[in-house]
Amino acid sequence: MESIEQLQKINTPAHQVYLALTTKEGLSEVWTKDLKVEAVVGKVNEFRFGPNDTAKMKVIELVPDKRVSWECVDADADLEWIGTTITFELTESNGTTKVDFSHAQWKEITSCYKFCNYNWAMFLLSLKQYCELGKGTPYQERTL
């Protein structure tokens, strides 16, 4: 199995980063404005990126200020996502939070995998901007 791995350092406490990854307000500013989100283990959250592009993520783990983990249970446009897991590990030191990101369980490296690798980097930059500056770059506002 393959895995996309990223690392981002954010100059804010872990609690603020955790809220950005678990609330409608945070995720709508970081990833996509068109979503249905509840921070409840077992809940399936929906993230929409257009009329035929919805990713459904089951919340599999929430450890406040430490870890957020989802499993993709359905995806209209990116079928390769189904069965993969997305995890954010948060480690705070002196007011700075290190975000260790993983999108794991890919069956193989494909063009979709490579495209997603780039887009997760954009997501982590948006997360950093939102946490540090109060304004991220959700999908609907991206120009890159």
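**A first look at the sheet and its helices**

Helix α3, spanning residues 111-133, lies across β1, β6 and β7, and runs at about 20° to β1. Welcome to this structure, which is a predicted model. The strands that α3 lies across belong to an open sheet of seven strands. Here is a short tour, starting with that sheet.

**The sheet**
- Reading across the sheet, the strands come in the order β1-β7-β6-β5-β4-β3-β2, with antiparallel pairing.
- The edges are formed by β1 (2-10) and β2 (34-36), each of which pairs on one side only.
- From one strand to the next, the twist averages 20°.

- Strand β4 (residues 54-63) and strand β5 (residues 67-75) run antiparallel and are joined by eight bridges.
- Within this pair, K58 stands opposite E71 in β5.

**Helices against the sheet**
- Helix α1 (residues 14-22) lies across β1, β4, β5, β6 (85-93) and β7 (96-106).
- The direction of α1 is at about 160° to β6, while α3 runs at about 20° to β1.

- F115, Y118 and L144 make a nonpolar surface patch of about 370 Å².
- One of these residues, Y118, lies in helix α3, the helix that lies across β1, β6 and β7.
- Y118 counts as partly exposed because its relative accessibility is 38%, and partly exposed covers the range between buried, under 20%, and exposed, over 50%.

Methods:
Residues numbered from 1 in each chain as written. Predicted model: local features only at pLDDT ≥ 70, side-chain atom pairs only at ≥ 80, totals over all residues. Heavy atoms only, no water. Pairing = 2+ DSSP bridges. Helix = DSSP H or I, 4+ residues; strand = E, 2+ residues; numbered from the N terminus. Axes fitted to C-alpha atoms, helices over the stretch in contact; angles between N-to-C directions. Contact = heavy atoms within 4.5 Å. Patch = residues over 30% accessible without salt bridge, like charges linked within 9 Å, V, L, I, M, F, W, Y side chains within 5 Å. Areas by Shrake-Rupley, 256 points an atom, 1.4 Å probe, with all protein chains shown as cover. Salt bridge = Lys/Arg side-chain N within 4 Å of Asp/Glu carboxyl O. Buried < 20%, exposed > 50% of the residue type's maximum accessible area, 1.4 Å probe, protein only.
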